[in-house]
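Let's take a walk through a protein model together. Keep the picture open and follow along as the parts come up.

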Amino acid sequence: MIEIRWLKKHSEFVEAVALQKEIWGFKDIELLPVRLFVVASKIGGQTLGAFDGARMIAFGLAIPGLKPGGQYYLHSHMLGVLPEYRDSGVGRAIKLKQREDAIAHGIELVEWTFDPLEIKNAYFNIERLGAVVRRYVINQYGSTSSRLHGGLPTDRCIAEWWVSGPRAAALLDGGPPPPREQPVASITVPGDIAEIRENEPARAAEIQSAVSRKFVDLFARGLAVIGFERTPEAGIYLLGPWQSK
């Protein structure tokens, strides 16, 4: 039985920092420090952990943010799951706990960034949680030491999760599905991109560059990612007019 609970103790924050090293392989200088977890827990952020018995196997960290015009939201900065617990529903359980807490505090929007080449993650964000994507950032975090980033620029999509909106309600609460916008464009990522990134770094960089140009161009036209399809050959972002949260 996996337990999801709030992290409150200094020892738990230390454990979350250690998990960052194990999951991403970051150098010490790139780790989110214990102090950030402490601060987040005290200023309206979220510090969540998943435990298998006494062992922490995953964590999530979110910090409060403020939009122009005064809208408060949560920036879900990091969510990590140990490799042997992936595909077990642990990440989803943390996101649902995050959503429950946001709704309880009157927060409508949770945002986070994700690598557009991580097509499994993209499918989860868009089709399982109901997030939409309208913004793309080039090399958001600069080059990192993480083996998962493969030495590529850290280009990122920004996921918008309207936690009480019809998209999320339909997927997570069994609510009526919102009107489905008609896709007018698509962006394709090869299904074997993980192997390409590991074994053919030059080709991976070319793929990332092409994907980046398409995102920037289509977002500049006012389109948004409104769906995602997976096949054995590819992950496909579906873009169209954004009408419903």
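Predicted model: local features only at pLDDT ≥ 70, side-chain atom pairs only at ≥ 80, totals over all residues.

Let's begin with strand 2, which covers residues 46–52. How many of its 7 residues are buried? The count is 6, so strand 2 is mostly covered.

Strand 2 has partners to look for. Strand 1 (residues 2–6) pairs with strand 2 in the antiparallel sense, over 5 bridges. Find Ile 2 and you'll see that Asp 52 in strand 2 stands opposite. One spot to check is Phe 51, whose bridge partner in strand 3 is Met 56. Strand 2 and strand 3 make a hairpin with 2 residues between the strands, and in this hairpin Gly 53 takes a positive phi near 70°.

Now zoom in on Thr 47, which is found in strand 2. Is Thr 47 buried or exposed? Its relative accessibility is 3%, and because buried means under 20%, Thr 47 counts as buried. Leaving out residues up to four places away in sequence, Thr 47 touches several others, including Arg 5, Trp 6, Phe 13, Phe 37 and Leu 61.

Phe 215 is a handy landmark. Not counting residues up to four places away in sequence, Phe 215 touches Pro 116, Tyr 136, Cys 157, Ile 187, Val 225 and Tyr 237.

Next come the aromatic rings. A pair of them is described by the distance of the centres and the angle of the planes. The model has 9 aromatic pairs. One of them is Trp 24 with Phe 26: the rings are 5.9 Å centre to centre, with 15° between the planes, and the pair is stacked. Both Trp 24 and Phe 26 are buried.

Compare that with Phe 228 and Tyr 237. Their centres are 4.7 Å apart and their planes are at 80°, so this pair is edge-to-face. The cut-off here is over 60 degrees. Phe 228 is buried, with a relative accessible area of 3%, and Tyr 237 is buried too, at 0%. Elsewhere, Phe 13, Trp 24, Phe 26, Phe 37 and Phe 59 form one aromatic cluster.

Lys 67 lies over the face of Tyr 73, at 4.6 Å from the ring centre. Likewise, the charged end of Arg 230 sits over the ring of Tyr 123, 5.6 Å from its centre.

## Charges that pair up

Finally, let's look at the salt bridges. The count comes to 16. In one of them, the side chains of Arg 55 and Glu 84 meet at 3.0 Å, N to O. Arg 55 is in strand 3, while Glu 84 is in the loop between strand 4 (72–81) and helix 3 (90–104), and the two are 29 residues apart. Arg 55 is partly exposed, with a relative accessible area of 37%.

Which residue forms a salt bridge with Asp 115? It's Arg 197, with the closest N and O atoms 2.9 Å apart. Arg 197 lies in helix 6 (residues 193–199) and Asp 115 in the loop between strand 5 (109–114) and helix 4 (119–128), so the pair ties together parts that are 82 residues apart in sequence. Arg 197 and Asp 115 are both buried.

Arg 197 also meets Glu 118 in a salt bridge (3.1 Å, N to O). Glu 118 is in the loop between strand 5 and helix 4, 79 residues apart from Arg 197. Arg 197 has a relative accessible area of 10% and is buried, whereas Glu 118 counts as partly exposed at 32%. To finish, find Lys 67, Glu 111, Arg 134, Arg 135 and Glu 160: salt bridges that share partners join them into one network.

Key: Residues numbered from 1 in each chain as written. Heavy atoms only, no water. Phe/Tyr/Trp six-rings, centres within 6.5 Å; stacked < 30°, edge-to-face > 60°. Buried < 20%, exposed > 50% of the residue type's maximum accessible area, 1.4 Å probe, protein only. Lys NZ or Arg CZ within 6 Å of the ring centre and 35° of its normal. Helix = DSSP H or I, 4+ residues; strand = E, 2+ residues; numbered from the N terminus. Contact = heavy atoms within 4.5 Å. Pairing = 2+ DSSP bridges. Salt bridge = Lys/Arg side-chain N within 4 Å of Asp/Glu carboxyl O.
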